[in-house]
Amino acid sequence: TDDDVREGNEEFDLVIEGRLLPNRVTRGTPGRSTVTILDNDNITVSFNQTVYNVNEPDGPAQPTLVLSNPSSTDITVQVFTTDGTATGGGMDYTSGVYTVTVPAGDTSATFNIPINDDDILEGNENFLLTINSSALPTGVTRGDPGEATVTIVDDD
C-alpha cells in the first residue's frame, strides 16, 4: 500500500512450494524470488516560520524544524548560524552548527539557541539560521523556508 511514511526500500521473498502445486505441475527454477518495494516517499525539512523573535532576557531562541512526512527512522538535520547585526561566539548568542533530531514517527523538533542577556543599549539585533542541505540524509531535501531569521529584542 502506498503511504506517506519514509521507511526505505522493503523486501520480501516469494516462494513456490512444490507440495502445494496441482498434479502434473512442477516447480521451475528458481523456486524463490525476492521482491523489492522501492520507497517513493521523499521528505522535505524546513523551518515552521521565517522569523523568530526572542526577548533578550527571555532566551533561548526556540526555532522549530518541520518534516513534510513522518519517517520510520530518526532524521538528523544540521542548522548553522550566520551573524547578522548580532554577534555570535557568546557575545549576543551562541553561534555554531546545531544538530537537531526529529524522532521517528514525528514531524517536528524544536531546539534551543542560547541568547546572552547583556546590559548594552544596542537596539534589536538578528542572526540567520540555515538548514545545511549538504548534510541531509538520503531521501530528505531542504524545503521552503530553508532559512530563518532570529531577532533578539533588546531590553536595555
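Colleague: Let's start at Phe12. Which strand is Phe12 in?

Modeller: Phe12 sits in strand E1, residues 10-15. Keep in mind that this is a predicted model.

Colleague: Okay. Is Phe12 buried or exposed, or something in between?

Modeller: Phe12 is partly exposed, because its relative accessible area is 40%, and the in-between class covers values from 20% to 50%. Together with Leu14 and Ile37, Phe12 makes a nonpolar surface patch of about 280 Å².

Colleague: And how do I read the inside of the fold?

Modeller: Here's the general idea: in soluble globular proteins, nonpolar side chains tend to be buried together. In this structure, the largest nonpolar core has 28 residues, and Phe47, Leu65, Val79 and Phe127 touch the most other members. Among the strands that each supply at least two residues of this core are E3 (43-47), E5 (64-67) and E9 (125-131).

Colleague: What does Leu65 touch?

Modeller: Leaving out residues up to four places away in sequence, the contacts of Leu65 include Phe47, Val79, Val100, Phe111 and Ile131.

Colleague: How many aromatic pairs are there?

Modeller: There are 3 aromatic pairs. One of them joins Phe47 and Tyr52 edge-to-face, at 6.5 Å centre to centre with 70 degrees between the planes. Phe47 counts as buried at 2% relative accessibility, and Tyr52 is buried too, at 7%.

Colleague: Why is the pair of Tyr93 and Phe127 called stacked?

Modeller: The planes of Tyr93 and Phe127 are at 5 degrees and the ring centres 3.7 Å apart, so this pair is stacked. Tyr93 is in the loop between E6 and E7 and Phe127 is in strand E9, so the pair ties together parts 34 residues apart in sequence. Both Tyr93 and Phe127 are buried.

Notes. Residues numbered from 1 in each chain as written. Predicted model: local features only at pLDDT ≥ 70, side-chain atom pairs only at ≥ 80, totals over all residues. Heavy atoms only, no water. Core = buried A, V, L, I, M, F, W, Y, C linked by side-chain atoms within 4.5 Å. Buried < 20%, exposed > 50% of the residue type's maximum accessible area, 1.4 Å probe, protein only. Helix = DSSP H or I, 4+ residues; strand = E, 2+ residues; numbered from the N terminus. Contact = heavy atoms within 4.5 Å. Patch = residues over 30% accessible without salt bridge, like charges linked within 9 Å, V, L, I, M, F, W, Y side chains within 5 Å. Areas by Shrake-Rupley, 256 points an atom, 1.4 Å probe, with all protein chains shown as cover. Salt bridge = Lys/Arg side-chain N within 4 Å of Asp/Glu carboxyl O. Phe/Tyr/Trp six-rings, centres within 6.5 Å; stacked < 30°, edge-to-face > 60°.
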